[in-house]
Amino acid sequence: MITKSIPNMCTLGNLFLGMIAILLAVDGKYSLAAIMVIVAMLLDGLDGRMARVLNAQSEFGKELDSLSDMISFGVAPAVIMYMVAFHDANSALAWTVTAIFPMCGALRLARFNVRPGVPGYFTGLPIPAAGGVLATLSLFHNDISLLYMSIAMLLVSYLMVSSMKYPNFKKVGLPKKAIWVAPWVVIAAVVLAVKFPDQLSKLIFVPLVLYALYGMKLNIRKLSRRRGRGRGRERSSQEEQDDQYRHSQR
């Protein structure tokens with residue numbers, strides 16, 4: 001029974017870290033808050049794998065995971081961004097941009113729960129990746145203007161509800177022996193995070209942004225191929241019409 005509860009314990013750990021991130025942001029400890037979101041991402045990646053290894057998958061666990069993700073990767077990053085970048089901005093702008101992010105996150109999670117996705121891919125940017133991008137992006141508030149911060153936040157919000165395809169790494173298996181190593185990995189990640197919060201948060205920002213941009217690049221490529229095929233069909237149909245016209249003239 002305890003073994004079957006391990007995945008849900010990871011999910012609750014994810015939720016706990018999301019709440020801690022919110023409280024740290026309110027206290028002005030933004031780097032640590034961002035790190036809590038990143039560690040929550042690690043737990044979010046473990047719970048599903050552990051559930052599959054232990055054969056403990058359930059609808060309860062799926063719903064709990066979505067609710068936890070909403071707090072840790074929807075609300076927490078939005079609060080961090082608001083406290084860091086939008087706290088002194090125009091209230092209407094700050095509140096609107098801040099609220100849009102978790103709203104799009106909720107839509108993304110609801111769609112994920114009711115619609116079967118493409119095998120091996122997510123439809124739309126996953127909310128953990130979006131939350132990680134936002135939480136770490138907030139640490140660059142001294143280098144990026146409020147306007148660009150707002151645009152970036154709205155763009156990430158849009159990517160979550162878009163139809164763009166992103167690679168799904170959650171299906172990568174976890175060896176059964178690795179289950180007992182996972183808690184130590186999480187503890188080591190927390191220790192490193194507490195010792196080097198600024199450096200680690202900004203370092204993790206890079207792969208998260210590359211993942212978000214990769215999905216955009218992949219879909220732009222597909223769109224350009226479709227347009228090329230459409231133009232090819234138009235040309236072939238036009239050539240057929242020209243041939244028919246020439247035959248009729250004869």
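Trainee: Which residues is Met 149 in contact with, leaving aside its neighbours within four places in sequence?
Mentor: Met 149 is in contact with Met 81, Ala 85, Phe 86, Leu 137, Ser 138, Phe 140, His 141 and Ile 144. Contact here means heavy atoms within 4.5 Å.

Trainee: How far apart are the C-alpha atoms of Met 149 and Ala 85?
Mentor: They are separated by 7.6 Å, while the two residues sit 64 residues apart along the chain.

Trainee: Is Met 149 buried or exposed?
Mentor: Met 149 has a relative accessible area of 0%, so it is buried. The cut-offs are under 20% relative accessible area for buried, over 50% for exposed, and partly exposed in between, using a 1.4 Å probe and protein chains only.

Trainee: Before I go on, what kind of model is this?
Mentor: It is a predicted model, where local features need pLDDT of at least 70, side-chain atom pairs count only at pLDDT 80 or more, and totals for chains, interfaces and linings use all residues. Residues are numbered from 1 along each chain as its sequence is written, and side-chain values use heavy atoms, with hydrogens and water left out.

Trainee: Back to Met 149, then. Where is its place?
Mentor: Met 149 is in helix H6. Helices (H or I, at least four residues) and strands (E, at least two) are DSSP runs, numbered from the N terminus.

Trainee: And at what angle do H5 and H6 pack?
Mentor: H5 (residues 127-137) and H6 (residues 146-161) pack at about 175°, and their axes are 10 Å apart. Axes are lines fitted to C-alpha atoms, for helices over the stretch in contact, and angles run from 0 to 180 degrees between N-to-C directions. The two helices are therefore roughly antiparallel. As for the terms, angles under 35 degrees count as roughly parallel, over 145 as roughly antiparallel, 65 to 115 as roughly perpendicular and the rest as oblique.

Trainee: Which residues meet there?
Mentor: From H5 there are Ile 127, Ala 130, Val 133, Leu 134 and Leu 137, and they meet Met 149, Ala 152, Met 153, Val 156 and Met 160 of H6. That contact divides into 10 nonpolar residues, no polar and no charged. Ala, Val, Leu, Ile, Met, Phe, Trp, Tyr, Cys and Pro count as nonpolar, Asp, Glu, Lys and Arg as charged, and the others, Gly among them, as polar.

Trainee: What does Ser 157 touch?
Mentor: Ser 157, also in H6, touches Ile 100, Phe 101 and Cys 104, not counting residues up to four places away in sequence. Its relative accessibility is 1%, so Ser 157 counts as buried.

Trainee: New topic: how many aromatic pairs are in the whole structure?
Mentor: A search finds two. Phe 112 and Phe 122 form a tilted pair, 6.1 Å centre to centre with 55° between the planes. Phe 112 is in helix H4 (residues 91-114) and Phe 122 in strand E1 (residues 121-123). Rings of Phe, Tyr and Trp (its six-membered ring) pair if their centres lie within 6.5 Å; planes under 30 degrees apart count as stacked, over 60 as edge-to-face and the rest as tilted.

Trainee: Is Phe 112 buried or partly exposed?
Mentor: Phe 112 counts as partly exposed at 42% relative accessibility, whereas Phe 122 counts as buried at 10%.

Trainee: What about the rings of Tyr 166 and Tyr 211?
Mentor: Their centres are 5.4 Å apart and their planes at 45°, so that pair is tilted.
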